[in-house]
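Work through the following exercises with the sequence and the structure open beside you. Each task is followed by a solution that goes step by step.

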Amino acid sequence: MIVVCPRSKLEAALIEHRPGRIVSLLSAGHEPFRPEGMAETRQLHLSMHDIAADRPGLVSPALAHVEALLAFARSWDGQAPLLIHCYAGVSRSPAAAFIVAAALKPDHDEAELASALRALSPSATPNPYLVRLADAALGRDGRMVRAIERIGRGRDCFEGEVFGWALG
(Lines give C-alpha, C1' and ligand atoms only; values in the text may rest on other atoms or scores of the structure.)
Protein backbone atom coordinates (compact mmCIF):
# COMPACT_ATOMS: atom_id res chain seq x y z
CA MET A 1 0.00 0.00 0.00
CA ILE A 2 1.08 3.56 -0.70
CA VAL A 3 0.10 6.05 2.00
CA VAL A 4 0.04 9.75 1.11
CA CYS A 5 -0.14 12.57 3.62
CA PRO A 6 0.74 16.20 4.33
CA ARG A 7 3.67 17.01 6.63
CA SER A 8 1.32 18.07 9.46
CA LYS A 9 -0.14 14.56 9.63
CA LEU A 10 3.09 12.64 9.16
CA GLU A 11 3.67 11.55 12.74
CA ALA A 12 0.10 10.23 13.08
CA ALA A 13 0.38 8.42 9.72
CA LEU A 14 3.64 6.80 10.86
CA ILE A 15 1.93 5.44 13.97
CA GLU A 16 -1.20 4.29 12.16
CA HIS A 17 0.36 2.77 9.03
CA ARG A 18 3.85 1.71 10.24
CA PRO A 19 5.53 2.20 6.86
CA GLY A 20 8.63 0.33 5.85
CA ARG A 21 9.83 3.21 3.67
CA ILE A 22 9.29 6.95 3.48
CA VAL A 23 9.58 9.44 0.61
CA SER A 24 9.74 13.12 1.57
CA LEU A 25 9.25 15.72 -1.18
CA LEU A 26 10.06 19.03 0.45
CA SER A 27 11.27 22.44 -0.66
CA ALA A 28 14.94 23.28 -0.42
CA GLY A 29 15.90 24.07 3.15
CA HIS A 30 13.26 21.85 4.74
CA GLU A 31 14.69 18.82 6.46
CA PRO A 32 12.65 15.60 6.40
CA PHE A 33 11.36 14.04 9.60
CA ARG A 34 13.58 11.10 10.51
CA PRO A 35 11.66 8.46 12.47
CA GLU A 36 13.69 6.94 15.26
CA GLY A 37 14.89 3.46 14.39
CA MET A 38 14.29 3.73 10.64
CA ALA A 39 17.43 3.20 8.61
CA GLU A 40 18.43 6.05 6.35
CA THR A 41 18.43 3.61 3.41
CA ARG A 42 14.66 3.22 3.89
CA GLN A 43 14.08 6.95 3.46
CA LEU A 44 14.30 9.11 0.36
CA HIS A 45 14.38 12.90 0.56
CA LEU A 46 13.76 14.76 -2.69
CA SER A 47 14.37 18.48 -2.39
CA MET A 48 12.38 20.58 -4.87
CA HIS A 49 9.82 23.35 -4.90
CA ASP A 50 6.21 22.67 -5.82
CA ILE A 51 6.22 24.43 -9.18
CA ALA A 52 4.76 23.55 -12.56
CA ALA A 53 7.41 25.39 -14.61
CA ASP A 54 10.95 26.62 -14.02
CA ARG A 55 11.19 29.78 -11.94
CA PRO A 56 14.38 31.69 -11.13
CA GLY A 57 15.64 31.10 -7.62
CA LEU A 58 13.56 27.94 -7.08
CA VAL A 59 14.55 24.29 -7.35
CA SER A 60 12.57 22.68 -10.16
CA PRO A 61 11.62 19.02 -10.23
CA ALA A 62 14.26 17.23 -12.31
CA LEU A 63 14.80 13.93 -14.05
CA ALA A 64 17.26 13.00 -11.29
CA HIS A 65 14.43 13.33 -8.72
CA VAL A 66 12.18 11.06 -10.78
CA GLU A 67 14.94 8.51 -11.36
CA ALA A 68 15.70 8.41 -7.61
CA LEU A 69 11.99 7.95 -6.85
CA LEU A 70 11.68 5.15 -9.41
CA ALA A 71 14.75 3.32 -8.11
CA PHE A 72 13.53 3.66 -4.52
CA ALA A 73 10.04 2.42 -5.43
CA ARG A 74 11.34 -0.51 -7.43
CA SER A 75 13.44 -1.65 -4.49
CA TRP A 76 10.37 -1.62 -2.20
CA ASP A 77 9.21 -5.14 -1.40
CA GLY A 78 5.61 -4.06 -0.70
CA GLN A 79 5.45 -5.84 2.66
CA ALA A 80 5.05 -2.68 4.76
CA PRO A 81 3.49 0.49 3.34
CA LEU A 82 5.43 3.08 1.39
CA LEU A 83 4.59 6.47 2.91
CA ILE A 84 4.92 9.51 0.64
CA HIS A 85 4.54 13.03 1.97
CA CYS A 86 5.10 16.61 0.98
CA TYR A 87 4.26 19.84 2.76
CA ALA A 88 0.53 20.01 1.94
CA GLY A 89 -0.14 16.51 0.60
CA VAL A 90 -1.85 17.94 -2.48
CA SER A 91 0.62 18.19 -5.35
CA ARG A 92 4.08 16.61 -5.04
CA SER A 93 3.13 13.57 -2.94
CA PRO A 94 0.04 12.61 -5.03
CA ALA A 95 2.20 13.02 -8.15
CA ALA A 96 4.84 10.73 -6.62
CA ALA A 97 2.17 8.16 -5.68
CA PHE A 98 0.83 8.23 -9.26
CA ILE A 99 4.37 7.84 -10.61
CA VAL A 100 5.10 4.89 -8.30
CA ALA A 101 1.80 3.24 -9.26
CA ALA A 102 2.57 3.65 -12.96
CA ALA A 103 6.09 2.27 -12.50
CA LEU A 104 5.03 -0.73 -10.44
CA LYS A 105 1.98 -1.47 -12.61
CA PRO A 106 3.35 -0.93 -16.13
CA ASP A 107 0.41 -2.70 -17.78
CA HIS A 108 -2.23 -0.58 -16.02
CA ASP A 109 -3.98 2.12 -17.99
CA GLU A 110 -2.82 5.58 -16.97
CA ALA A 111 -6.36 6.99 -17.04
CA GLU A 112 -7.53 4.26 -14.67
CA LEU A 113 -4.65 4.99 -12.30
CA ALA A 114 -5.43 8.72 -12.38
CA SER A 115 -9.14 8.02 -11.76
CA ALA A 116 -8.24 5.80 -8.81
CA LEU A 117 -6.08 8.60 -7.42
CA ARG A 118 -8.93 11.09 -7.78
CA ALA A 119 -11.37 8.72 -6.04
CA LEU A 120 -8.96 8.32 -3.12
CA SER A 121 -8.15 12.03 -2.87
CA PRO A 122 -10.66 14.59 -4.14
CA SER A 123 -8.15 17.36 -3.35
CA ALA A 124 -5.17 15.84 -5.19
CA THR A 125 -3.70 18.07 -7.86
CA PRO A 126 -0.61 16.12 -8.93
CA ASN A 127 2.37 18.28 -9.81
CA PRO A 128 2.38 18.37 -13.63
CA TYR A 129 6.16 18.94 -13.86
CA LEU A 130 6.88 15.71 -11.97
CA VAL A 131 4.27 13.81 -13.99
CA ARG A 132 5.71 15.09 -17.28
CA LEU A 133 9.24 14.00 -16.31
CA ALA A 134 8.01 10.57 -15.17
CA ASP A 135 5.93 10.09 -18.31
CA ALA A 136 9.09 10.52 -20.39
CA ALA A 137 11.22 8.36 -18.06
CA LEU A 138 8.67 5.54 -18.14
CA GLY A 139 8.09 5.78 -21.89
CA ARG A 140 4.36 6.46 -21.48
CA ASP A 141 4.18 8.70 -24.57
CA GLY A 142 2.18 11.47 -22.89
CA ARG A 143 -0.49 9.16 -21.47
CA MET A 144 0.36 9.99 -17.84
CA VAL A 145 0.23 13.70 -18.58
CA ARG A 146 -3.12 13.41 -20.37
CA ALA A 147 -4.57 11.24 -17.59
CA ILE A 148 -3.71 13.83 -14.96
CA GLU A 149 -5.03 16.63 -17.17
CA ARG A 150 -8.32 14.71 -17.49
CA ILE A 151 -8.88 14.45 -13.74
CA GLY A 152 -8.12 18.17 -13.46
CA ARG A 153 -7.48 20.26 -10.43
CA GLY A 154 -8.63 18.79 -7.15
CA ARG A 155 -11.01 20.55 -4.82
CA ASP A 156 -9.65 23.58 -3.02
CA CYS A 157 -8.17 22.91 0.39
CA PHE A 158 -5.48 24.07 2.79
CA GLU A 159 -3.93 20.59 2.83
CA GLY A 160 -4.77 17.13 1.59
CA GLU A 161 -6.10 14.24 3.57
CA VAL A 162 -4.22 11.07 4.45
CA PHE A 163 -5.11 8.26 2.08
CA GLY A 164 -3.95 4.75 1.34
CA TRP A 165 -3.69 3.32 -2.15
CA ALA A 166 -3.68 -0.48 -2.39
CA LEU A 167 -2.16 -1.24 -5.77
CA GLY A 168 -3.38 -4.86 -5.79
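**Exercise 1. Count the disulfides in this predicted model, and explain the count from the sulfur distances.**

Solution. The count comes to zero disulfides. To see why, begin with the cut-off, which asks for two cysteine sulfur atoms within 2.5 Å of each other. For Cys-5, the closest cysteine sulfur belongs to Cys-86 and lies 8.5 Å away, so the two are too far apart for a bond. For Cys-157, the closest cysteine sulfur is again in Cys-86, at 10 Å, which is also too far for a bond.

**Exercise 2. Describe the setting of Ser-123: where does it lie, is it buried or exposed, and what does its side chain contact?**

Solution. First locate the residue, which is in the loop between α4 (110-120) and α5 (128-137). Next consider accessibility: buried means under 20% relative accessible area, and Ser-123, with 0%, is therefore buried. Then turn to the side chain, which makes a polar contact with the side chain of Glu-161 at 3.3 Å. Finally, setting aside neighbours within four places in sequence, list the residues in contact with Ser-123, among them Val-90, Arg-118, Gly-154 and Cys-157.

**Exercise 3. Determine how α3 and α4 are arranged, and which residues meet between them.**

Solution. Start with the geometry: α3 (residues 92-104) packs against α4 at an angle of about 140°, and their axes are 10 Å apart. Because of this angle, α3 counts as oblique to α4; an angle would have to be over 145 degrees to count as roughly antiparallel. The crossing of the two helices is right-handed. To complete the picture, find the residues that meet: α3 contributes Pro-94, Phe-98, Ala-101 and Ala-102, while α4 contributes Glu-110, Leu-113, Ala-114 and Leu-117.

**Exercise 4. Examine the positive phi values of Arg-18 and Asp-141, and say where these residues lie.**

Solution. Take Arg-18 to begin with: its phi is near 45°, a positive value in a residue that is not glycine. Arg-18 belongs to the loop between α1 (10-17) and β2 (21-26), and with a relative accessible area of 65% this residue is exposed. Asp-141, which is likewise not a glycine, has a positive phi of about 50°. Asp-141 sits in the loop between α5 and α6 (143-151), and counts as exposed at 60% relative accessibility.

Key. Residues numbered from 1 in each chain as written. Predicted model: local features only at pLDDT ≥ 70, side-chain atom pairs only at ≥ 80, totals over all residues. Heavy atoms only, no water. Helix = DSSP H or I, 4+ residues; strand = E, 2+ residues; numbered from the N terminus. Buried < 20%, exposed > 50% of the residue type's maximum accessible area, 1.4 Å probe, protein only. Polar contact = N/O pair within 3.5 Å; in protein donor to acceptor, adjacent residues only side chain to side chain. Contact = heavy atoms within 4.5 Å. Axes fitted to C-alpha atoms, helices over the stretch in contact; angles between N-to-C directions. Parallel < 35°, antiparallel > 145°, perpendicular 65-115°, else oblique. Left-handed = near helix turned anticlockwise from the far one by under 90°.
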